[in-house]
4 protein chains.
Amino acid sequence: MIRFSVLGCGRIGTMHARNLARHPQARLTSVFDVFTRASDAMAAELGVKAAASVDEVLADPEVDAVLIATSTDTHVELITAAAKAGKAILCEKPIALDIAKVEQCWSEISGLSATVMIGFNRRFDPSFRAVHDRLTAGEIGKLEQIVITSRDPAPPPISYINVSGGLFRDMTIHDFDLARYFAGEIVSVHAFGANLVDPAIAAAGDIDAAMVTLTAASGALIHINNSRRCSYGYDQRLEVFGEKGMLVAGNKTATTVQAFSGAGTAQGDVVLPFFIERYADAYANEIAHFVESVAAGTTPLTSFKDGAEALRLADAALESLKTGRAVTVTK
Amino acid sequence: MIRFSVLGCGRIGTMHARNLARHPQARLTSVFDVFTRASDAMAAELGVKAAASVDEVLADPEVDAVLIATSTDTHVELITAAAKAGKAILCEKPIALDIAKVEQCWSEISGLSATVMIGFNRRFDPSFRAVHDRLTAGEIGKLEQIVITSRDPAPPPISYINVSGGLFRDMTIHDFDLARYFAGEIVSVHAFGANLVDPAIAAAGDIDAAMVTLTAASGALIHINNSRRCSYGYDQRLEVFGEKGMLVAGNKTATTVQAFSGAGTAQGDVVLPFFIERYADAYANEIAHFVESVAAGTTPLTSFKDGAEALRLADAALESLKTGRAVTVTK
Amino acid sequence: MIRFSVLGCGRIGTMHARNLARHPQARLTSVFDVFTRASDAMAAELGVKAAASVDEVLADPEVDAVLIATSTDTHVELITAAAKAGKAILCEKPIALDIAKVEQCWSEISGLSATVMIGFNRRFDPSFRAVHDRLTAGEIGKLEQIVITSRDPAPPPISYINVSGGLFRDMTIHDFDLARYFAGEIVSVHAFGANLVDPAIAAAGDIDAAMVTLTAASGALIHINNSRRCSYGYDQRLEVFGEKGMLVAGNKTATTVQAFSGAGTAQGDVVLPFFIERYADAYANEIAHFVESVAAGTTPLTSFKDGAEALRLADAALESLKTGRAVTVTK
Amino acid sequence: MIRFSVLGCGRIGTMHARNLARHPQARLTSVFDVFTRASDAMAAELGVKAAASVDEVLADPEVDAVLIATSTDTHVELITAAAKAGKAILCEKPIALDIAKVEQCWSEISGLSATVMIGFNRRFDPSFRAVHDRLTAGEIGKLEQIVITSRDPAPPPISYINVSGGLFRDMTIHDFDLARYFAGEIVSVHAFGANLVDPAIAAAGDIDAAMVTLTAASGALIHINNSRRCSYGYDQRLEVFGEKGMLVAGNKTATTVQAFSGAGTAQGDVVLPFFIERYADAYANEIAHFVESVAAGTTPLTSFKDGAEALRLADAALESLKTGRAVTVTK
């Protein structure tokens with residue numbers, strides 16, 4: 001039994017806390033949020049303690065692991081403190097917006113024995129996972145091309161854009177991780193960006209649409225397309241093309257209903273609205289994987305290093321966007 | 001080279017005449033229609049002779065085969081005369097509306113050597129054909145169940161209903177033939193009918209919707225559903241279920257385009273409007289099969305006997321509708 | 001908060017008990033099974049009491065409702081006793097295999113105020129439910145035809161067949177209920193059955209495949225096809241055809257992955273294996289509906305009467321199978 | 001009636017000649033090939049003259065238009081001569097492999113009144129056309145992103161690779177034209193290439209896989225992925241994403257058959273093998289459009305200028321591949 005405290009009781013922290021409450025090998029001990037109203041509500045709902053401070057959580061011998069779902073700017077500090085306190089750590093992505101801080105964090109914690117996992121939920125999606133496993137098992141032969149589609153249903157508020165680190169570090173970072181999961185080491189990045197959705201995002205210095213292409217050390221080519229707006233829901237798709245075939249993972253809808261009428265045929269539901277719904281299974285699997293990793297003392301599938309590498313690709317994309325060049329990624 | 005005359009220059013005769021004009025081993029010699037305006041137009045379009053009478057056609061040594069696309073009430077007389085004149089015959093379904101007349105016709109022509117084929121176009125549809133061939137090849141093991149969906153886009157005029165012989169002899173007859181094509185000998189028929197589409201059809205003494213179920217000598221069960229109206233086009237589908245799997249053949253649309261919007265996802269085109277479009281390939285294949293059969297002197301896939309048997313099933317369905325009983329089909 | 005005891009700790013009772021344990025307005029108080037090993041295991045897993053007898057459960061003031069998941073032959077007795085004890089009742093289908101017993105049960109409990117719900121899970125499936133609600137909202141106009149496909153992945157053991165009441169009362173009963181849910185009052189039933197799967201089922205006096213057709217008082221036609229074996233999983237589909245269009249609900253698969261290769265394109269996963277997986281959401285919704293009905297004092301969507309009517313249709317199908325006639329259903 | 005001569009009787013010339021023979025407003029007068037065996041065969045099949053030389057064709061007053069389907073290196077010379085001879089011209093892509101030659105050609109013929117059309121068949125595919133027309137009609141609002149997938153079933157022989165001008169000028173040129181058709185003026189091109197299919201292609205100095213990204217003057221982003229090999233057929237797809245929705249056009253298969261078994265569900269046929277089959281309708285529509293353009297004296301949809309612009313994008317892609325930079329396209 002792994003005993004958890006959840007730090008950060010916003011939307012994603014709440015979801016994780018509920019998943020922890022349902023997991024047979026996990027027990028939720030406490031929750032914490034700087035907004036005590038949020039932590040009190042979650043504590044009441046789940047029948048656990050609302051901790052008064054992070055220090056209280058880290059000092060609590062009844063806490064084996066922390067799930068960090070606070071704002072990005074606090075991640076490095078919390079990871080470092082938790083690792084030093086001997087806690088296992090499951091931290092939402094990104095580790096930080098500044099690769100230097102990520103490296104500094106690693107230099108402080110790498111000597112410690114803490115299990116650290118970064119929350120790249122998509123690797124735990126049953127469909128993406130099945131594609132990965134079938135690729136690895138050789139079903140489509142050598143990997144040649146990947147097309148990743150990732151479009152949010154609607155842009156976040158500008159206040160979020162302002163602290164997000166930009167589209168590549170905030171949104172594409174998931175796709176970079178997915179690219180690495182399927183194609184391994186990435187050696188080159190090229191990015192085009194555009195402002196097609198909301199002029200306020202341009203005014204904030206960010207883009208709201210992008211097409212990024214990567215080359216892998218294996219020779220495989222990877223394309224990512226992103227948009228901050230999608231009329232038909234949260235568009236999350238994957239095409240993996242190999243010498244012997246192609247595996248595709250598609251969107252999820254609330255029902256299997258299809259409508260046929262004079263207007264057209266086989267019209268399905270809109271796709272599930274956003275990540276909480278789309279990746280519900282993935283988040284539960286992510287928790288389960290972390291629990292297993294902590295119990296077994298193994299490195300999680302989405303390690304601290306994976307968090308650092310995805311950020312490095314985001315930085316390379318940003319440099320490419322600015323310079324118009326494909327950027328070579330060095331280790 | 002088989003030289004043809006087309007008898008009947010309505011919609012379906014016109015289509016057949018054009019297909020004959022395109023077939024490399026067929027040559028269209030003449031066309032005939034009691035409405036000379038129709039035969040003159042077709043003759044002009046295709047650069048052939050408009051015959052003045054059926055007798056002229058049957059006496060013409062340049063005519064090897066006749067394609068009979070006249071009204072149903074003339075079929076038996078024309079088949080008989082053409083067979084006696086030594087012509088090969090491709091006749092549109094049904095042979096007649098009265099099984100006694102069909103049997104009488106057979107008694108007159110069975111001693112002659114004429115090739116006689118009945119135009120059950122669906123056996124020549126590439127998708128239905130592929131399902132048949134894969135079933136026969138054993139892909140899904142022993143046949144267990146068939147579901148045939150056949151819905152017209154809109155009811156015909158009442159003037160047509162009045163001479164059609166009723167839904168089972170006019171429309172379901174195709175499905176009965178398809179059932180025999182896939183399941184072989186049929187031993188029992190049950191039918192429910194309904195008037196759901198147009199009260200004028202009820203007033204004319206016919207039904208406009210039906211569900212018919214058959215049992216085959218093999219034990220297989222077959223379901224047919226029919227409607228004289230379908231909002232999304234001409235609904236022509238087939239499910240063939242066996243011990244090891246299922247093969248399904250679906251509808252055809254004008255394009256592969258799918259639309260995704262806030263209203264729903266993956267909405268395709270309406271299905272092709274009616275038989276001329278839906279079975280365009282099937283009609284061309286049917287002509288090709290007839291030409292091959294005549295050239296080789298073999299019995300066509302859809303023989304006179306098949307025409308008689310399908311009518312017998314239609315009659316059984318009508319009896320079932322009237323009596324409420326499943327009707328045993330005897331040979 | 002509704003406090004439950006689960007009677008019967010087999011596969012389906014276990015699933016219900018777990019769903020109850022997760023429902024925020026339900027509390028599981030105790031479980032009971034004649035096999036104490038089963039009830040002890042479930043009690044241990046869920047941290048509740050293993051009751052020593054049904055009497056103990058019914059006498060327990062901490063039990064507001066019983067969920068009856070015992071063998072069919074005990075249902076009537078348990079329903080009657082529980083109703084007399086003032087408990088709300090959610091009973092798995094069928095109520096009994098003998099309509100006379102069902103009627104006798106009703107005569108004993110109808111004067112009592114007990115909430116009684118029969119577990120017709122399919123009405124609570126999100127996709128079937130959505131089709132129902134869209135039909136009711138008028139999206140496809142007047143209902144004309146329904147095609148229900150329901151095929152089990154593999155036959156049950158003969159020991160189960162022997163006490164099942166036969167295919168119609170055991171398996172088709174769900175489809176009869178679904179037909180009533182969509183089409184309302186049924187007036188006529190015709191059934192063909194076959195033995196295509198397992199000779200031992202024939203030896204036991206039952207059929208293992210069926211095609212049943214119903215007519216509704218509204219004039220709508222309904223077709224049901226059943227098989228005790230299906231190679232590609234648990235085949236559960238619904239086509240609802242109306243004057244303005246068609247709504248279809250399809251199967252569910254574990255992932256959205258599609259494979260493309262030289263062998264073919266867009267091959268999806270096999271469908272979910274059986275009812276526990278396929279109707280996971282439906283079972284959770286069923287519990288939620290029961291809890292709401294008990295709390296509100298309203299009649300559940302799947303009432304005792306619905307259980308009786310579905311059985312009456314099963315009996316009519318059996319009579320039709322024996323007599324070869326369509327059987328008129330009288331109230 | 002437009003009277004044609006077909007120059008070049010290889011696979012694509014043969015197909016065009018047959019399409020011309022079927023078109024009601026076209027008449028095939030003659031065919032020519034330097035391999036007289038090929039032109040004789042085609043002339044015999046279609047009942048037309050096998051011209052002895054291009055000069056004979058261009059001097060023939062019975063020839064209104066030439067269809068140029070010879071090898072690429074002869075296109076410029078034939079276009080120029082035909083234009084000077086007052087013939088209308090439908091020339092297969094590409095005009096030439098060297099943009100300077102294309103411009104030189106234009107300077108010679110632009111003052112003449114000849115109708116010149118370049119055979120970018122994809123604009124005439126019914127599905128791509130429907131997507132274009134629905135986009136233009138505003139169905140999905142402002143265009144934001146396009147993903148074009150274009151994968152050949154198998155690489156051509158190295159002898160062809162050697163004279164092809166390379167992947168971008170030979171294969172991607174169709175995708176560049178499609179990008180321009182949907183997105184208008186292109187301002188920037190970035191390309192990654194790879195050798196994943198056949199080492200002999202690398203040895204010949206070419207790539208066999210590519211990912212190219214374009215930006216349009218409108219701000220839209222376009223992604224193209226190419227492969228010289230595809231196990232499941234000729235993969236030709238299009239995703240057009242706009243502010244209000246997405247329109248997708250997919251592959252075509254020989255039948256609508258889907259297979260369901262223990263290995264998986266809904267497996268369709270492999271996609272049509274290559275361009276002759278996939279674009280059969282498109283080629284017929286292309287001929288029809290040319291005939292209409294010549295008859296009406298209007299500029300065809302795929303003009304000489306379109307041929308030049310697509311080549312310019314191919315050159316830009318090649319430059320990008322070599323420099324690692326996004327290349328700005330200037331007019």
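So, salt bridges: between chain C and chain B there are 7 of them. One to look at is Arg237(C) with Glu239(B), where the closest N and O atoms sit 2.7 Å apart. Before I go on, please keep in mind that this is a predicted model, so everything I quote is computed from it.

Staying with chain C and chain B, the rule also finds 18 residue pairs in polar contact across that interface, with both residues at pLDDT 80 or more. Where does the chain C side come from? Strands β7, β8, β9, β10, β11 and β12 of chain C each put in at least two of the residues that touch chain B. If you want to find them on the screen, β7 is 143-151, β8 is 186-194 and β9 is 209-216, then β10 is 221-227, β11 is 235-242 and β12 is 245-249.

As for numbers, 43 residues of chain C are in contact with 43 residues of chain B. About 3,300 Å² gets buried between the two chains, and carbon and sulfur atoms give 57% of that. On the chain C side, the residues losing the most area to chain B are Phe192(C), Leu196(C) and Met211(C), which together make up 20% of what that side buries.

Now let's move to chain A and chain B. How many salt bridges are there between chain A and chain B? The count is 0. For polar contacts, we get 4 residue pairs, both partners at pLDDT 80 or more. On the chain A side, β13 (258-261) and β14 (264-267) each supply at least two of the residues touching chain B. The largest share comes from β14(A), with 4 residues.

This contact takes 14 residues from chain A and 14 from chain B. The two chains bury about 1,100 Å² between them, 54% of it on carbon and sulfur atoms. In chain A, the residues that lose the most area to chain B are Tyr232(A), Thr265(A) and Gln267(A), together 43% of what that side buries.

What about symmetry? Chain A superposes on chain B by a rotation of 180 degrees, with 0.0 Å of shift along the axis and an RMSD of 0.0 Å. The two copies are therefore related as by a two-fold rotation axis. Gln267(A) turns up again here: in chain A, its C-alpha is the one nearest the axis, 2.0 Å away. And the same surface serves both copies, with 100% of the contact residues of chain A recurring in chain B.

At the β3 end, 2 bridges join β2 (residues 26-32) to β3(D), the two running parallel. If you're looking for a landmark there, the bridge partner of Ser30(D) in β3(D) is Lys49(D).

Methods: Residues are numbered from 1 along each chain as its sequence is written. Chains are lettered from A and ligands numbered from 1 in the order in which they are written. This is a predicted model: local features need pLDDT of at least 70, side-chain atom pairs count only at pLDDT 80 or more; totals for chains, interfaces and linings use all residues. Side-chain values use heavy atoms; hydrogens and water are left out. Two strands pair if DSSP finds at least two bridges between them. Copies are superposed by least squares on the C-alpha atoms of residues with pLDDT of at least 70 in both. Contact means heavy atoms within 4.5 Å. Buried area is the accessible area (1.4 Å probe) that two parts lose on being put together, summed over both. A salt bridge is a side-chain nitrogen of Lys or Arg within 4 Å of a carboxyl oxygen of Asp or Glu. A polar contact is a pair of N or O atoms within 3.5 Å; within protein, one must be able to donate a hydrogen and the other to accept it, and residues adjacent in sequence count only if both atoms are side-chain atoms.
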